[in-house]
Amino acid sequence: MKAILKVLDIKKTYPGVEALKGVSVEFYPGEIHAIVGENGAGKSTLVEIISGSLKPTSGQVIFDGKELKSGVARALDSGIAIVHQERNLVPSFNATENIFLGQEKLSKRKKGRVQEVEDLMKRSGIYVDTKTPIKYLGEGEKQLIEILKIIHLKPKVMILDEPTSSIDKKDIERLFDILRKLRKEKVAIIIITHHLEEVFQIADRVTVLRNGRKIATKAIHDVTEQELISMMIEKNIQNRYPKTNVPSEKELLRVENIVAPGVKVDNLVLHKGEIVGLAGLVGSGRTEFLEALYGYRKIVSGQIFLNNERIKISSPHDSIKRGIYLIPEDRNNNALFLRSSLRYNVTIPFLRKFARFLGIVNSKNETTKTIDLLKHVNCDFRRINEDVKNLSGGNKQKVLLARWMLQSPCIYLLDEPTQGIDVNAKTEFFKILCQTINTVGVGVILVSSDLPELLAMSDRIYVFRYGTVVDSLERNEFSNERVLNSMLLTKVDVR
Amino acid sequence: MKIRDQNELKSGRFQLDKYYTFFILLSIFVLFSIASPMFFTSRNIINLLRQISMLTIAASGLTICRAAGELDLSVGGLAALTGIIVAKLMVSGINPSLAVLLTLLVGVSFGMINGLLVSLVKVPSLIATLGTLSVASGLALTTTDGKAIYASFPKSFSFLGTGYLGPIPFPVVIMSIVILVTFILLEKTIIGRHLYAVGENPTAARLAGLPVSFYRILAFILSSLAASLAGIMLAARLGSGQPTAGGEYLLEGLGAVFIGMTVFKPGQANIFGTLTGALMIGFITNGLLLMGFSPYVQDIVKGIIMILAVIAAVYKEEIRL
């Protein structure tokens, strides 16, 4: 079979960084080709170059035997379309309007468009709500609309950059069914993902990138998960989840009958030294529960006990005062000041510690302390004055850990802390977390959609569904099936 | 911690593009010095600094507001209004210091209203302050029927606008103090760090436990305070309360802030950047005047220079509104 798309010796250099150091790959029609690699391996850069939005420093993109110059419009015209990791939809438009966005020149009347979208849905088997403005729809549905939009262009090459990172299991299944269907129609599909089990589920071939270089392209039958991982990272990680925390019997936090918008939790306990996992689908109330505990979501009724003492939390300020710290899900938008330095990001909540006369910050003490903390979380302290935006996902997360170690932590609320972080950094994150748990004696509430991770790291798991806890399991009761069953199937009266 | 560690810190390579606006300023300076023999004389330079002193003071307030992520369009109207108020108070024979103090208090309350509108009522600052701009200029005009208030001000008051400290005009002294205070506030204190945090990412600031509304209100108060000070000094300088004076502080002040956002700390409003912007505006006004161009031409040139200055920063996505 002839390759529809080839990249030849692609190099991409940014000032000070070589993102791609000469990568060549071939893509065939009717093939799902996964690209895997750690954060910063160059996956996104590669597909941005293929889709025309980045210009390579050197090298060629050959499409259908001819060289393709860079430029998004040119790539689209040739039939190369990309679904970005971030949404590219207009929130106030409905699905139909979004699908036709930018193609108004086809000048169909509204009726014609509605009909066409219906045909498209029938043909592709993707059925979505076409009437509601998409801002009222779930993440999974939005993702499917993005895909519909791309399919509407009838692409020959379809690129998906981390399509599964923000949608739940059920929607992932739907997505994969659709991809299989497109494969039959001889579309070449390129998919970037962090989830190796997905690679084995869906891909025909897989390319491993590491540090801007291609390590290998393999047929999926010829590799194992363990081999892929060892190609992705320098060292072969035996234990991806180093759980070393020592839970105690001492109760740290008890929640009774908490009601907040989207959340109703009757009973939840966290002991000192423990990691308590919250399982559930996206939108099942886990994030909302953490926000309520953190004072970011108004608690309507109920009680919170910290060290057996009833506390009132009505703002993040209150919880921070008590050492309850949240690392939210979308760290770039909700936690970090990307255009400011590491030091700035670490100390911002606790500047009073370094205050002198008139609230002037003693920057020498601040720097010293920040360096200590960065060393502690194993982050390169020499980058202390660099902007956080230059850091990888793993390092960004370390900066946040360092921030919340600055002043006597008591409870960490972690919302998807390893999302978008590579395998190596995940392991390191948990190692540092467990160290902190053991030395400082904190408790952790961990929200994660990565079930293997949750099962490996938690001492107890509460399963959320429709805003309430529907099941709780002690570590000796852990099983994949039971958690999934509770997550997906428990009957709950939806209020 | 050993000192050695601190020396190992990556100090960041010297980045030329951080200073390129500053080089534009220098070239303008050199250009005018060549074009007009009267430009680079100590007399003209001192004169020039005095000309930009009130603008720079108003722009310092705008810098703080912008650091907190907000825009304050009401400064132009407020400068006129406070000029009128202080003149009227003076006419009524009140003690000059008390008059200045009362006027500044009016400014603070005005800023408080802006701040409350933006942070609690949640009107976008662009719209809220456009409204209060109109209210302030309207008030200045209705209370005076559009006519200037002339009075023979006490010497101690006129000194604010016309006095000298040795060879240095007193407005330049006040400007220097305002710049210094703003610098310390923004760059050295907790408040400054927090203001920038609120400006860069309000959600992250709130989740880090910072009182976001408080800082927004504070930013508007400081901005109004600076505009009021400029308005008072302008009245002292002109020797009268002019209901339309100070209008240019809005456009030129914002211009200075935006030019400033391209230099030293690209993407962030910063006081020395703002000073660079104000100087650029001052050089152009003064230089073109010396070369015999009409004031109308100055506006055209100022507009073009401002756009040219921010193009590079916009291109690198360092300036967003």
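Strand 3 (residues 32–36) of chain A runs parallel to strand 9 of chain A, and the two pair over four bridges. That is one spot in a predicted model, where local features need pLDDT of at least 70, side-chain atom pairs count only at pLDDT 80 or more, and totals for chains, interfaces and linings use all residues. Residues are numbered from 1 along each chain as its sequence is written, while chains are lettered from A and ligands numbered from 1 in the order in which they are written. Helices (H or I, at least four residues) and strands (E, at least two) are DSSP runs, numbered from the N terminus, and two strands pair if DSSP finds at least two bridges between them.

**A sheet in chain A**

- Strands of a sheet pair through backbone hydrogen bonds, either parallel or antiparallel.
- Here, six strands of chain A make an open sheet with mixed pairing, in the order 6-7-8-3-9-10.
- At its edges sit strand 6 (80–83) and strand 10 (213–219) of chain A, each pairing on one side only.
- On average, neighbouring strands of this sheet are turned by 20 degrees against each other, direction ignored; the axes are lines fitted to C-alpha atoms, for helices over the stretch in contact, and angles run from 0 to 180 degrees between N-to-C directions.

- Strands 9 and 10 of chain A form a hairpin with two residues between them, and A:Asn211 in the turn has a positive phi of about 55 degrees.
- Strand 9 of chain A is mostly covered, with five of its six residues buried. A residue is buried if 20 or more other C-beta atoms lie within 10 Å of its own, exposed if 12 or fewer, and partly exposed in between, with C-beta atoms placed from the backbone.

**Two loop residues with positive phi**

- Most residues other than glycine have a negative phi, and most peptide bonds are trans.
- A:Lys154 has a positive phi near 50 degrees and sits in the loop between helix 5 (139–152) and strand 7 (157–161) of chain A.
- A:Lys154 is exposed, with 11 other C-beta atoms within 10 Å.
- A:Asn307 also has a positive phi near 50 degrees, and its loop lies between strand 14 (301–306) and strand 15 (309–311) of chain A.
- A:Asn307 counts as partly exposed, with 13 C-beta neighbours inside 10 Å.

**Nonpolar cores**

- A nonpolar core is a set of buried Ala, Val, Leu, Ile, Met, Phe, Trp, Tyr and Cys residues joined through C-beta atoms within 7 Å.
- The largest one has 179 residues, and those with the most contacts inside it are A:Leu413, B:Ala58 and B:Ala230.
- Helix 11 (residues 212–238) of chain B gives the largest share of this core, 17 residues.
- A second, separate core has 58 residues, including A:Val7 and A:Ile191.
- Leaving out residues up to four places away in sequence, A:Leu413 touches A:Leu290, A:Leu293, A:Tyr294, A:Ile324, A:Tyr325, A:Leu326 and A:Ile445. Two residues are in contact if their C-beta atoms, placed from the backbone, lie within 7 Å.

**Where the chains meet**

- The contact takes 32 residues from chain A and 23 residues from chain B.
- Helix 1 (3–8), helix 9 (190–200) and helix 10 (202–207) of chain B are the elements giving two or more residues to the side of chain B that touches chain A.
- Helix 9 of chain B provides the largest share of that side, five residues.

**Chain by chain**

- Chain A has 17 helices and 20 strands, and 45% of its 495 residues count as buried.
- The C-alpha trace of chain A spans about 70 × 55 × 50 Å along its principal axes.
- Chain B has 14 helices and four strands, and 51% of its 321 residues count as buried.
- Along the principal axes, the C-alpha atoms of chain B fill a box of roughly 65 × 55 × 40 Å.
- Among contacts in chain B between residues at least 6 apart in sequence, 76% join residues at least 24 apart.
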